[in-house]
Amino acid sequence: MVEPVVRKVNQKRITNSKELRKLRSAPSLRRAARRRSAYHDLVARTSGSGYQSSIERNSGTGCLSSSQSSIRCSFQTFRFNESNPMAESAGPSNQEGIFYQNSVAAQYLAELLSLQPIPPGERVVEVRVEAPVHVDDMVVRYADGHRDWIQAKSSLRQSGEPWGDLWKSFAAQAANRTFDPDDRLVIAIGRRTGLSDRLQALIDRASTSGSASELLARAGSDSARTYRAIEEVLPDPVSPFRLLRCTQLRVLPLEDIEAWFARLDLGTASAVPRPLLSNLRDMVGGAARLRGTFRALPLRIRLSQGFGTDLFEPREWGLAAYRGTLQRSARVEVPGKGISAPVRDLVVWPRARRRNAGPAQDFEDEIPRWESERGSGDVNLSRFPQSDLARCILVAGPGMGKSTLISALVAGLVNTPIIPVEIALGAFAAHGESVMEFLQGPINREYSVRVDWQRLADQGLICVFFDGLDEVATSRRGPLLRRISLFSSRFPDVPWLLTVRDPAALNGPLDGELLELQPFDNPEISSLVDKFKIWSPGLDRWNFTDDLKAYPDLARLARIPLFLSIMLASWSPNTLLPRKRADVIETYLGTLFDPDRQNHLLPTLTGTRLRQVAQALAFNSLEREEIGLSRRQALQAIALHADGPADAVLGQLVAAGVLRSASDGRLQFPYPVVQEYLAAAHLVDREADQIAVRIGDVVKRPWAQVLQFALELLADPTPHVRAMLDAQDDVFSTGLRLIGRCVANGAAVDPELRNDIGSRLARLWGESSYHIRERVGRMIVDAYADPLHPEVRKRLGWRWLLNSGAGEIISRAADPALTRAVVQQLFDRKLERFMNLHDFKNALQAIGSEIAARIATSARDPDITENVVEGLVEFLDQISLSGRRRATACSHRPRRRSSVVSATRCPGCDCRPAGREQSFDGQRRARGQRMESPAGGAESPRSVP
């Protein structure tokens, strides 16, 4: 039989590789090879260090403060030597003790699996075996946060080393600051004896006695002797009375444990398998050597993989129906096609990267970056939640596919032990309930189920997706985030993900890792093209990406998943691709408001009138700083802008796909960016005189996008742009940058004004801090690189601009004359160390021979400084010149070394020519150095101490 073999291995802690191979070949363990794929993924994702136990989070040394429970006060003056790490405990010394300890731990693991309705103070949520603490056999954490620190003894005598070690470890644990007032010290003993009866009597009477003398007066003589035996092994001034008040005794004979398992009811739909005790006992034995921690989700997965034990939720909850509903509803709309498809057929997993907390974002951060190389994406969101990524805030601009990503994640978790649940934050904010109340109420009612979400959350068996923080009015975001934060703190094992456009909207306490979705690049674009072949067989990934290369503005737009999907949905072999983002959205809206399509919908209004109503609805909603609107608000607005019956017009908008009903009953536009575009169209058609006045709203989303669209839609935006430029701007030049972005997006300003905007941006580019400079450089690359603006050209050689757009402009131009001019500027301003020339290294390599000769000439300067020499060397290194060129450059150096540079290598090689050796520091003290101005101005000497 396999079970005795496994038991024997666990008891002896066998590590011999030959015996372990024999054990792994046992038939009962070979079943692990037939695991389900979804469970296989979840093991790695949920059993790592990311799910850190409360023991690890709260570990520490020292004694309790005087403000804590009086039960612990007597331990304050008793200090253990904790300056060095705690020694590894040897654990039980005999096979019987190990077997008994594993059996007790198996009972706690069974309680961890239970879904019975029990109070939080009795619901086990975490079990750790052989923990690195004083009471090390087991540490059990409960849903209310308290812990049991357990020592398991198959037998116990009132004397000897085990007796002394037991009470000393209890005293040390109670004195440690990780021991909370509600925690308990537990003795699990394998048989009932006279000693166990006396201990139980002392523990019972200590809880109701006011002092040690009262306890001894109430106890019999035998119990008093046991009290004295405890007192003898405890160091002064620890009182046995105080220790007994926080101690619990559990008499658990092995036969009682086995009988308990025989009648065990876990509250699950499936019956408890007969070998559960032996399976759990074996798992404890293997984990003990690694000081393993057990939680409900990984434990369920391991039981299913290794032993074929599936413990499903109670049938009366209706989770099978809930999962089926999620699976069937995991579909996404194909833009403009009037059909939907399973999310697995359309999703292209985007790249994501960890985002450091930095300066607040503004509207420019919603535009895909212009870098030519593929950006980093070190986070694989398709495997969320993972052990090292259990709680995250996902930042992405409009159209980046946040909601589609959530649908794909939900679909991927449906067939796993994790129960996914999506919460639309717009609906959640309107209810004013806690997260748990919202799950128990509106979510259960919506899906017609009776799920006990709190039981699942206590054990970390749910994953919550909070979608659309930007759809919540600004005034409601703070209280909403506090509710989410409270839920996160109350249920620390529950993974969650929250989506937001702008991290500045996180104006409340929320602890989650900040991630940023990366725009699509050629691999993702090609993958989505292949998926759209189902509806457009003539699509070819190579031809499509080649067409994008011919139109840089369009290629930048195609990096946004929504716009790319609209392009692909409207593609046909005989039509040209749109050139601007407004053209892309118009293509999509043209499908929605198509007159031929409206005829099939029994229209109340024509397509033109229906669009005007939709524009008014979009504008009115954004005026209230909301995404979407209630049915009552929609009917009121329709009555003001339409002649027909409001109910019929609203039905026409929903049938056409212009509006859709969310889970909370609110009406939403298919995509927020479409609502912003419709609002901009209303602003242009009805309130054009307000466009320039609203320049102050650019700091508020979504008005930044609305104003951009409005300026791009105006036939002649020149007067409005001039009025905006004349208005007072903020210290970040937000208004100027928004105007520059509109020009980059195709706003039709007159040539003189366009040139003036370019000059202003160029001045801002050269004078601003890094974060503003990088954003301005992005739009200069998009709008003023081809043809190259004169003011921009003057600044291409300013070294602090090389990695903020200047290098990209030089690289794109591929003009040797321009590259020579920039190199001349760099040499005139003196080369320095740590210059990054990566962005235009190809342009430099094109004139590499000329640069090598120039470096050789500069090296002959008798007044050359060490800093300049290092700059020459790094300049040569970064353009990757060949060894022959390096040798040529070196051969031009004179034999006489500069008096300033001593014992430094020759630029371009590692030789050290002879020359007069005088320290650089000595020469630096003899004369002031000249330092380049960070703003690009004149150089001034600096004094050297």
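Strand β13 (residues 496–500) is mostly covered, with 5 of its 5 residues buried. Here "buried" means under 20% relative accessible area, "exposed" over 50% and "partly exposed" in between, with a 1.4 Å probe and protein chains only. Helices (H or I, at least four residues) and strands (E, at least two) are DSSP runs, numbered from the N terminus. The model is predicted: local features need pLDDT of at least 70, side-chain atom pairs count only at pLDDT 80 or more, and totals for chains, interfaces and linings use all residues. Residues are numbered from 1 along each chain as its sequence is written, and side-chain values use heavy atoms, with hydrogens and water left out.

Two strands are said to pair if DSSP finds at least two bridges between them. Strand β10 (residues 391–395) pairs with β13 in the parallel sense over 5 bridges, and C392 stands opposite L497 of β13. Strand β12 (residues 462–467) also pairs with β13 in the parallel sense, over 3 bridges; there, F465 stands opposite L497. Together, β12, helix α21 (residues 474–490) and β13 make a right-handed β-α-β unit. A crossover is right-handed if, with the strands pointing away from the viewer, the path from the first strand over the helix to the second runs clockwise.

**Nonpolar cores**

A nonpolar core is a set of buried Ala, Val, Leu, Ile, Met, Phe, Trp, Tyr and Cys residues joined through side-chain atoms within 4.5 Å. The largest such core has 237 residues, of which W453 and L498 touch the most other members. Helix α6 (residues 95–113) supplies the largest share of this core, 9 residues. Contact means heavy atoms within 4.5 Å. Not counting residues up to four places away in sequence, L498 touches C392, I393, L394, L425, F466, L469, L481, I484, L506 and L510. Another core, of 36 residues, lies apart from the largest one and has A131, I203, A224 and L244 among its members.

Helix α25 (residues 561–569) is likewise mostly covered, since 9 of its 9 residues are buried. Its buried residues include F563, I566 and M567.

An open sheet of 6 strands has the order β5-β4-β3-β2-β1-β6, with mixed pairing. Strands β5 (247–251) and β6 (293–294) stand at the edges with a single partner strand each, so one side of each is left without a neighbour in the sheet. Within this sheet, β3 and β4 pair in the parallel sense over 6 bridges, and the bridge partner of W149 in β4 is L185.

The structure holds 13 aromatic pairs. Rings of Phe, Tyr and Trp (its six-membered ring) pair if their centres lie within 6.5 Å; planes under 30 degrees apart count as stacked, over 60 as edge-to-face and the rest as tilted. Two of the pairs are set out below.

| Pair | Class | Centre to centre | Angle between planes |
|---|---|---|---|
| W149 and F179 | tilted | 6.3 Å | 40° |
| W163 and W167 | edge-to-face | 5.7 Å | 65° |

W163 is buried, with a relative accessible area of 1%, and W167 is buried with a value of 0%. W163, W167 and F170 form one aromatic cluster.

**Charges over rings**

A charge sits over a ring if NZ of Lys or CZ of Arg is within 6 Å of the ring centre and within 35 degrees of the ring normal. R483 lies over the face of F428, at 4.6 Å from the ring centre. The charged end of R854 sits over the ring of F827, 4.7 Å from its centre.

**The chain as a whole**

The secondary structure of the protein chain comes to 44 helices and 18 strands. Of its 945 residues, 54% count as buried. Among contacts between residues at least 6 apart in sequence, 73% join residues at least 24 apart.
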